[in-house]
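Subject: A structure for you to look at

Hello,

Here is the structure I promised to pass on.

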Amino acid sequence: MKNTTVLISGSSIAGPALAYWLSRYGCTVTVVEKAPALRLGGQAVDFKGATHRTVLGRMGILEEVRRRQTGGTDQAIIDAEGRTLAILPGEFTGGEMEILRGDLSALLYERTAGSCEYVFGDSITSLTESVGGVHVTFERGAPRTYDIVVGADGIHSNVRRLAFGPESQYVHHLGHYYALADVRVGREPVMYNEPGRMAAVGGPKAPAFFVFASERLEFDRYDVEQQKRILAEAMKGMGWRVPELMAQLPDAREFYLDSISRSEVDHYSRGRVVLLGDAAYGNTLGGFGTGLAVVGAYVLAGELAAAGGDHRVAFQRYEEAFRGYAKITKKGNAGPFLAPPTSGRIRMRNWMFKYDFMLRAMLKLTDKFATDIDLKDYPSPEHVRGTVC
């Protein structure tokens with residue numbers, strides 16, 4: 001069996017990274033994205049370790065990522081009077097190479113737009129699998145049939161919901177929420193904590209970055225004004241200059257709020273549908289999501305090439321090769337680190353960054369997780385193009 005047509009849902013990082021490889025193997029690739037255009041902006045993401053460098057190098061974008069990198073920025077942890085309590089090193093928050101999510105997304109889009117079809121402003125409404133493929137209906141476009149459908153559409157994956165089941169079965173709330181906003185109080189990168197809450201400005205993630213502890217909240221993911229009210233309520237009574245930041249919220253043009261959650265599925269695929277990136281193994285703010293997405297795309301495409309396009313063989317090998325690498329997402333929870341629950345925990349977190357040996361130990365551990373996979377040398381696209389897809 002030779003699979004020829006692939007539909008990828010999601011145009012952020014994982015989707016275009018997979019499209020890059022599959023189009024080089026000769027597949028006919030369509031990427032569908034609910035947003036009306038490519039999403040630029042967003043927080044900074046990072047890569048770390050030899051595995052990430054190797055995959056970026058094989059994609060031919062390593063030097064361009066380095067050229068566009070923002071550079072790790074040290075961030076002062078301050079008290080309510082603005083006095084420095086500790087320094088959060090840029091090499092800890094920004095990894096080896098830090099780049100704005102929007103810049104990375106644009107870079108991947110530039111490398112694939114000429115060889116793949118991108119459909120913006122549309123979304124999948126149903127998936128019906130038959131012997132010959134997956135029949136797909138859309139909100140706006142005409143129905144089409146594909147050999148493979150890939151859910152690379154994030155932790156709130158629409159493809160996972162349609163093919164696997166409700167989000168509540170696969171996404172686990174980790175007790176915190178975070179928000180990104182283009183509001184500013186000064187330019188110096190600083191972070192301020194009170195028990196269970198954090199406010200940061202000028203750091204690597206966004207002009208303003210907030211985290212707060214909370215039970216699961218019910219809100220409309222597309223109602224930005226409702227989300228702004230949720231954040232304002234969560235930050236009420238907080239010291240330092242947080243009231244000034246909240247006063248700017250109504251006029252913030254860029255704003256995003258979501259839970260810190262973990263996605264976990266028993267199997268990455270069902271039939272001809274397969275999940276990639278956060279849809280399968282996401283952990284919000286865990287520090288590994290972008291690397292997992294790019295490496296996962298390389299492995300999934302490579303296994304399809306090695307299997308001659310047989311999705312049953314390829315999907316099984318993809319899961320066998322990748323599940324151990326993705327296990328890091330089951331362990332971390334950035335919420336208690338960014339917004340410790342007590343004053344004592346805040347002091348303990350700050351203490352960790354006063355000693356160089358503690359920082360080196362943490363960096364060594366993250367590098368170990370980032371490189372914990374044996375990358376295969378998959379068939380060269382030039383050698384197998386047209387025989388896989």
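Which residue lies over the face of Tyr222? Lys34 does, at 5.6 Å from the ring centre. Please keep in mind that this is a predicted model.

There is a second case of this kind: Arg349 is placed over the face of Phe337, and its distance from the ring centre is 5.8 Å.

Lys34 also turns up around Gly121. That glycine belongs to the loop that runs between β7 (117-120) and β8 (124-130). Leaving aside residues up to four places away in sequence, Gly121 touches Glu33, Lys34, Ala35, Pro36 and Arg140. Gly121 has a relative accessible area of 19%, so it counts as buried, the cut-off being under 20%.

Now to the rings. The structure has 17 aromatic pairs. One of them joins Trp21 and Tyr298 edge-to-face, with 5.3 Å from centre to centre and 70 degrees between the planes. Trp21 sits in helix α1 (residues 14-24) and Tyr298 in helix α10 (residues 289-306), so this pair ties together parts that are 277 residues apart in sequence. Both partners are buried: the relative accessible area is 4% for Trp21 and 5% for Tyr298.

Elsewhere in your tour, look for a cluster that ring pairs build from Tyr268, Tyr281, Tyr318, Phe322 and Tyr325.

Enjoy exploring, and write back with any questions.

Best wishes

Note on methods. Residues are numbered from 1 along each chain as its sequence is written. This is a predicted model: local features need pLDDT of at least 70, side-chain atom pairs count only at pLDDT 80 or more; totals for chains, interfaces and linings use all residues. Side-chain values use heavy atoms; hydrogens and water are left out. Helices (H or I, at least four residues) and strands (E, at least two) are DSSP runs, numbered from the N terminus. Buried means under 20% relative accessible area, exposed over 50%, partly exposed in between (1.4 Å probe, protein chains only). Contact means heavy atoms within 4.5 Å. Rings of Phe, Tyr and Trp (its six-membered ring) pair if their centres lie within 6.5 Å; planes under 30 degrees apart count as stacked, over 60 as edge-to-face and the rest as tilted. A charge sits over a ring if NZ of Lys or CZ of Arg is within 6 Å of the ring centre and within 35 degrees of the ring normal.
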